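The following paragraphs lead through the packing of one protein chain. Please keep the sequence and the structure in view while reading.

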Amino acid sequence: MTDERANASAAPPDRVPPLNIANVLTVLRIVMVPFFVWFLLADGQQYSWWRWVAVLVFTVAIYTDKLDGDLARKHGLVTDFGKIADPIADKMLIGAALILLSAFGELPWWITVLILLREVGITVLRFVVIRHGVIPASRGGKIKTVLQTVAIFLYLLPLTPQWPWLGMIAFLVMLAAFAVTLLTGVDYLVQAARLRRSGNQPAEAREGDRG
């Protein structure tokens, strides 16, 4: 045990073990997705307490997204696993919610399909150009995530039958999320093109650009 601790302390400071609290929260979010789906399906648009449970699970899952990011940055727990698993967890949760809302007839399918195409496409694009560099998350991307989350949360609330105006607000927020989603998708395409073009330049040309 002593030798193991000595070896751990002798490890490079920038080598973060994959098993840390931030990654545990990310995995927990992935595990919560099927439970969220099950609770929402169990409700079956009856707007019963099952729907409230689904709302609670969605809210907790979204909070873990913020919490794991804060912990990773504050305590230096950023890992390659986290960089890959975190966006996958987000897209699983958001994608499941959008698909179920459309399947229930509460959200137009064209919104769900285009948002999912954008999300999957940009994720694939990140992997394609990763050898040239990493495309950082933009401010617009963060705004997109917030708008999507708020819109889905409003749609999930089992209060629409009593408060029709809530459904209208949810739709307007979703339209805003849809617009920002497409705009940021175009921005990521431009960034990827620049990154690839820069990566294909000779080393001398890249050094010249830095000057």
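Rings of Phe, Tyr and Trp, the last represented by its six-membered ring, form a pair if their centres lie within 6.5 Å. The model discussed here is predicted. In this model, ring pairs join Trp 38, Phe 39, Trp 49 and Trp 50 into a cluster. A search of the whole structure finds 7 aromatic pairs.

Trp 38 and Trp 50 are arranged edge-to-face, with 5.1 Å from centre to centre and 80 degrees between the planes. Because Trp 38 belongs to helix 2 and Trp 50 to helix 3, this pair ties together parts that are 12 residues apart in sequence. Trp 50 has a relative accessible area of 23% and is therefore partly exposed, since buried residues are those under 20%.

A further pair involves Phe 36 and Phe 58. Their ring centres are 5.7 Å apart and their planes stand at 40 degrees, so the pair is tilted. Phe 36 lies in helix 2 and Phe 58 in helix 3, and the pair therefore ties together parts that are 22 residues apart in sequence. Phe 36 and Phe 58 are both buried.

What is Leu 156 in contact with, leaving aside its neighbours within four places in sequence? Its partners are Phe 36, Leu 40, Arg 51, Val 55, Phe 58 and Leu 101.

The packing of two helices remains to be described. Two packed helices are described by the angle between their axes and the distance between the axes. For helix 4 and helix 6, the axes come within 11 Å and cross at roughly 40 degrees. Helix 4 is therefore oblique to helix 6. Their crossing is left-handed. On the helix 4 side, Ile 94, Ala 97, Leu 98 and Leu 101 meet Gln 148, Thr 149, Ile 152, Tyr 155 and Leu 156 of helix 6.

Definitions and conventions
Residues are numbered from 1 along each chain as its sequence is written. This is a predicted model: local features need pLDDT of at least 70, side-chain atom pairs count only at pLDDT 80 or more; totals for chains, interfaces and linings use all residues. Side-chain values use heavy atoms; hydrogens and water are left out. Contact means heavy atoms within 4.5 Å. Rings of Phe, Tyr and Trp (its six-membered ring) pair if their centres lie within 6.5 Å; planes under 30 degrees apart count as stacked, over 60 as edge-to-face and the rest as tilted. Helices (H or I, at least four residues) and strands (E, at least two) are DSSP runs, numbered from the N terminus. Buried means under 20% relative accessible area, exposed over 50%, partly exposed in between (1.4 Å probe, protein chains only). Axes are lines fitted to C-alpha atoms, for helices over the stretch in contact, and angles run from 0 to 180 degrees between N-to-C directions. Angles under 35 degrees count as roughly parallel, over 145 as roughly antiparallel, 65 to 115 as roughly perpendicular and the rest as oblique. A crossing is left-handed if the near helix is turned anticlockwise from the far one by less than a right angle, and right-handed if clockwise.
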